[in-house]
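Reader: I am new to this structure. Please take me through a close look at a single part, and then show me how the rest connects to it.

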2 protein chains.
Amino acid sequence: MTENIAQNNYKLKISYDGTRYFGWERQPNKETIQGKIENVLSRMCDTDIEIIGAGRTDAGVHAKAMIANVHMETTMAEEDILEYMNRYLPDDIAVMTVTKASDRFHARYNAKGKTYCYTIFNGKVKPVFNRKYYTFIEEKLDVEAMREASDYLVGEHDFKSFCGNPKMKKSTIREIKSIDIKSSKGYIYLYFTGTGFLQYMVRILVGTLLMVGKGEMGPEEVKDVLDARDRTKAGQTAPAKGLCLEKVYY
Amino acid sequence: MTENIAQNNYKLKISYDGTRYFGWERQPNKETIQGKIENVLSRMCDTDIEIIGAGRTDAGVHAKAMIANVHMETTMAEEDILEYMNRYLPDDIAVMTVTKASDRFHARYNAKGKTYCYTIFNGKVKPVFNRKYYTFIEEKLDVEAMREASDYLVGEHDFKSFCGNPKMKKSTIREIKSIDIKSSKGYIYLYFTGTGFLQYMVRILVGTLLMVGKGEMGPEEVKDVLDARDRTKAGQTAPAKGLCLEKVYY
């Protein structure tokens with residue numbers, strides 16, 4: 001460590017296609033997004049570097065704008081760090097921006113909320129070009145019923161029925177700020193904005209809304225699922241490939 | 001063959017992601033788009049089926065709307081054929097429409113022209129989600145110079161300099177109806193519309209326009225390349241992944 005190398009806290013905006021990764025979080029001997037980024041930065045700084053992500057995405061989940069922060073000592077300018085990272089990262093991970101942040105900025109603790117988008121294709125012929133980023137549902141969905149059901153989910157609730165971790169000891173109370181369901185050209189986009197989400201929560205919410213869309217559950221029954229605080233009452237966990245982290249709020 | 005099974009000529013509109021194929025044309029022991037489709041139809045009809053494509057696309061080239069025709073004997077309705085095909089075709093090939101055509105309709109002989117689009121990404125950070133459908137050019141391109149150069153290529157010319165097959169015995173005269181170059185959000189889209197194209201012609205045209213865009217060749221020099229009737233005077237063959245067959249005209 002020489003004295004003219006400043007230590008800075010950098011904020012990274014990262015986009016990735018999660019298809020071939022075991023999720024965001026670093027794991028030994030597994031390809032993960034955090035792992036890939038840390039490897040590149042560790043090489044750049046010639047020392048072990050750890051980054052802090054705003055959250056974890058599961059295996060196969062994508063991100064348009066994951067936020068992370070990293071404390072590093074380097075003489076490189078932000079745009080040179082950006083260029084270096086994108087030169088050495090694989091094609092399915094891209095750093096969109098690198099900016100200096102205050103020393104106290106913490107990508108996870110300071111995150112006020114997140115928006116996830118779940119993409120369903122409900123048209124006749126499956127589009128080939130973006131097939132890794134949507135889930136195909138053949139049965140015609142009743143989008144209006146799904147919207148009605150989603151109203152019961154918005155607000156602060158105990159989402160125990162929608163938690164993928166059966167051994168969750170901590171509070172399963174979370175707040176969903178909004179659920180917006182848009183449909184266009186055969187696609188259905190479900191946007192979930194909330195302060196925080198439990199493991200698999202968005203995908204279990206989607207699986208449950210899909211039951212409503214298929215007429216297997218009435219919209220108002222979603223309230224009963226919520227009240228039951230029982231994972232077995234909710235729908236299946238929807239496939240990872242349809243899910244994308246859209247935005248993190250600070 | 002029973003008497004109430006009619007033989008019909010069907011017109012198919014097909015979309016595919018060519019990434020993992022050795023091109024359109026059937027080849028023994030190789031994965032090709034024509035091969036995949038013929039296998040599904042042969043199983044459906046319980047007899048060997050051959051389809052006729054509007055043209056051939058090279059290995060790795062995509063199509064939004066390839067047109068093919070096929071003479072088949074079946075009692076199935078068009079929409080059932082469509083459903084059957086999409087059920088058994090892999091996710092990277094989709095049949096968009098199946099319609100009955102006149103017996104004389106021939107997808108190749110009747111094609112009056114085609115539009116291909118070549119997609120370049122020339123922005124700073126490579127987008128991750130559609131990375132199999134564009135070619136990344138890091139050096140900032142002079143799009144205006146490329147447009148100027150493209151004007152020399154429009155019209156009926158001997159495109160021998162832009163032909164990938166050095167042993168081509170037949171005429172290398174072709175007519176390019178238009179070349180439109182659009183740029184948006186870091187992407188550059190080059191649309192080539194013509195009556196017919198030689199092997200690798202679009203990709204060699206793109207490779208040459210890229211030389212102009214990089215300042216390695218003046219726009220007016222493209223005329224000299226054309227006049228030379230010599231493949232070595234033109235630019236490199238641009239990568240297959242950026243090319244997509246957009247439309248076939250009848």
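Reader: How many salt bridges does the rule find across the interface of domain 1 of chain A and domain 2 of chain A?

Author: The rule finds 2 salt bridges there. Keep in mind that this is a predicted model. One salt bridge joins R203(A) to D58(A). Their closest N and O atoms are 3.5 Å apart. Polar contacts occur here too: 8 residue pairs are counted between domain 1 of chain A and domain 2 of chain A, with both residues at pLDDT 80 or more. Now take the side of domain 1 of chain A that touches domain 2 of chain A. Its residues comprise 7 nonpolar, 5 polar and 4 charged.

Next, the setting of this interface. The domain assignment places domain 1 of chain A at 7–101 and domain 2 of chain A at 113–249. Their C-alpha centres lie 28 Å apart. In the contact, 16 residues of domain 1 of chain A meet 14 residues of domain 2 of chain A. Together the two domains of chain A bury about 1,100 Å². Of that area, 59% is on carbon and sulfur atoms.

Chain A also has an interface with chain B. Here 26 residues from chain A and 26 residues from chain B take part in the contact. The two chains bury about 2,000 Å² between them. Carbon and sulfur atoms carry 56% of it. Across this interface the rule finds 6 salt bridges. R131(A) forms a salt bridge with D17(B), and the closest N and O atoms are 2.8 Å apart. The interface of chain A and chain B also has 8 residue pairs in polar contact, both residues at pLDDT 80 or more.

Which elements of chain A supply this side? β1 (7–16), β3 (62–73), α2 (78–88) and β4 (93–101) of chain A each give at least two residues to the side that touches chain B. By class, that side of chain A has 12 nonpolar, 3 polar and 11 charged residues.

Notes
Residues numbered from 1 in each chain as written. Chains lettered and ligands numbered in written order. Predicted model: local features only at pLDDT ≥ 70, side-chain atom pairs only at ≥ 80, totals over all residues. Heavy atoms only, no water. Domains from an automatic or database assignment. Contact = heavy atoms within 4.5 Å. Buried area = accessible area lost by both parts, 1.4 Å probe. Salt bridge = Lys/Arg side-chain N within 4 Å of Asp/Glu carboxyl O. Polar contact = N/O pair within 3.5 Å; in protein donor to acceptor, adjacent residues only side chain to side chain. Nonpolar A, V, L, I, M, F, W, Y, C, P; charged D, E, K, R; others polar. Helix = DSSP H or I, 4+ residues; strand = E, 2+ residues; numbered from the N terminus.
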